[in-house]
Amino acid sequence: AVNLVAIVILSRGKCGLSTCTTRYLVAMAAADLLVLITEVILFQLRLHYFYWSFLTLTPVCSVIGVLVTAATHCSVWFTVSFTFDRFVAICCQKLKTKYCTG
């Protein structure tokens, strides 16, 4: 719920942040929300409460595995890219105009 609130508030664009920073934060919140949905709801709850359901069929299980992996990787790489962008913007003033977006 917190990630959803963050997405709504940041999407309004009235936070005093640059457009680029706002987009990074919305993307990070969305990716984290997808991790929660795929990992917790589709994967963990299925293992503990609905072990013998249609979610255990091989094609469905494969799709869930791909979704969990993609959401986790997106979350991690959004964090890495945002961190790199902010590092360059703060510590490398000469590279800021060339590589940073906002």
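What is the mean pLDDT of the protein, and what share of its residues reach 70 or more? The mean pLDDT (the predictor's confidence in each residue, from 0 to 100) is 82, and 86% of the residues reach 70 or more. The structure is a predicted model, in which local features need pLDDT of at least 70 and side-chain atom pairs count only at pLDDT 80 or more, whereas totals for chains, interfaces and linings use all residues. Residues are numbered from 1 along each chain as its sequence is written, and side-chain values use heavy atoms, with hydrogens and water left out.

The protein contains four helices and zero strands, and its elements follow the order α-α-α-α from the N terminus. Helices (H or I, at least four residues) and strands (E, at least two) are DSSP runs, numbered from the N terminus. Confidence is highest in helix α1 (residues 2–12), with a mean of 90, and lowest in helix α4 (residues 93–99), with a mean of 74. Helix α2 covers residues 19–49, and helix α3 covers residues 58–91.

Of the 102 residues, 24% count as buried; buried means under 20% relative accessible area, exposed over 50%, and partly exposed in between, for a 1.4 Å probe and protein chains only. The protein exposes about 7200 Å², of which carbon and sulfur atoms supply 73%. Among contacts (heavy atoms within 4.5 Å) with a separation of 6 or more, 53% are accounted for by residues 24 or more positions apart.

Several residues illustrate the relation between helices α2 and α3. One aromatic pair was counted. The rings of Tyr-24 and Phe-82 have centres 5.4 Å apart and planes at 65°, so the pair is edge-to-face. Tyr-24 belongs to helix α2 and Phe-82 to helix α3, so the pair ties together parts that are 58 residues apart in sequence. Both Tyr-24 and Phe-82 are buried. For this assignment, rings of Phe, Tyr and Trp (its six-membered ring) pair if their centres lie within 6.5 Å; planes under 30 degrees apart count as stacked, over 60 as edge-to-face and the rest as tilted.

Ser-75 is placed in helix α3 and counts as buried at 12% relative accessibility. With residues up to four places away in sequence not counted, Ser-75 touches Ala-31, Asp-32 and Val-35. Ile-37, in helix α2, is partly exposed, with a relative accessible area of 34%. The C-alpha atoms of Ile-37 and Val-68 are separated by 8.7 Å, although these residues are 31 residues apart along the chain. Val-66, in helix α3, counts as exposed at 55% relative accessibility. Val-66 and Thr-38 are 28 residues apart in sequence, and their C-alpha to C-alpha distance is 9.6 Å.

Ile-37 also contributes to a nonpolar surface patch of about 640 Å², made by Leu-34, Leu-36, Ile-37, Val-40, Ile-41, Leu-45 and Tyr-49. Patches are made of residues with over 30% relative accessible area and no salt bridge; like charges are joined within 9 Å, and nonpolar side chains (Val, Leu, Ile, Met, Phe, Trp, Tyr) within 5 Å. Val-40, a residue of helix α2, is partly exposed at 38% relative accessibility.

Cys-15 lies in the loop between α1 and α2 and is partly exposed at 34% relative accessibility. Apart from neighbours within four places in sequence, Cys-15 is in contact with Ile-9 and Leu-10. Thr-22, in helix α2, is buried, with a relative accessible area of 12%. Under the same exclusion of neighbours within four places, Thr-22 is in contact with Leu-10 and Leu-17.

The count of salt bridges comes to one, a salt bridge being a side-chain nitrogen of Lys or Arg within 4 Å of a carboxyl oxygen of Asp or Glu. This salt bridge joins the side chains of Asp-85 and Arg-86, with an N to O distance of 2.7 Å. Asp-85 is buried at 5% relative accessibility, whereas Arg-86 is partly exposed, with a relative accessible area of 22%.

Conventions: Accessible areas come from the Shrake-Rupley method with a 1.4 Å probe; for residues, only the protein chains shown count as cover.
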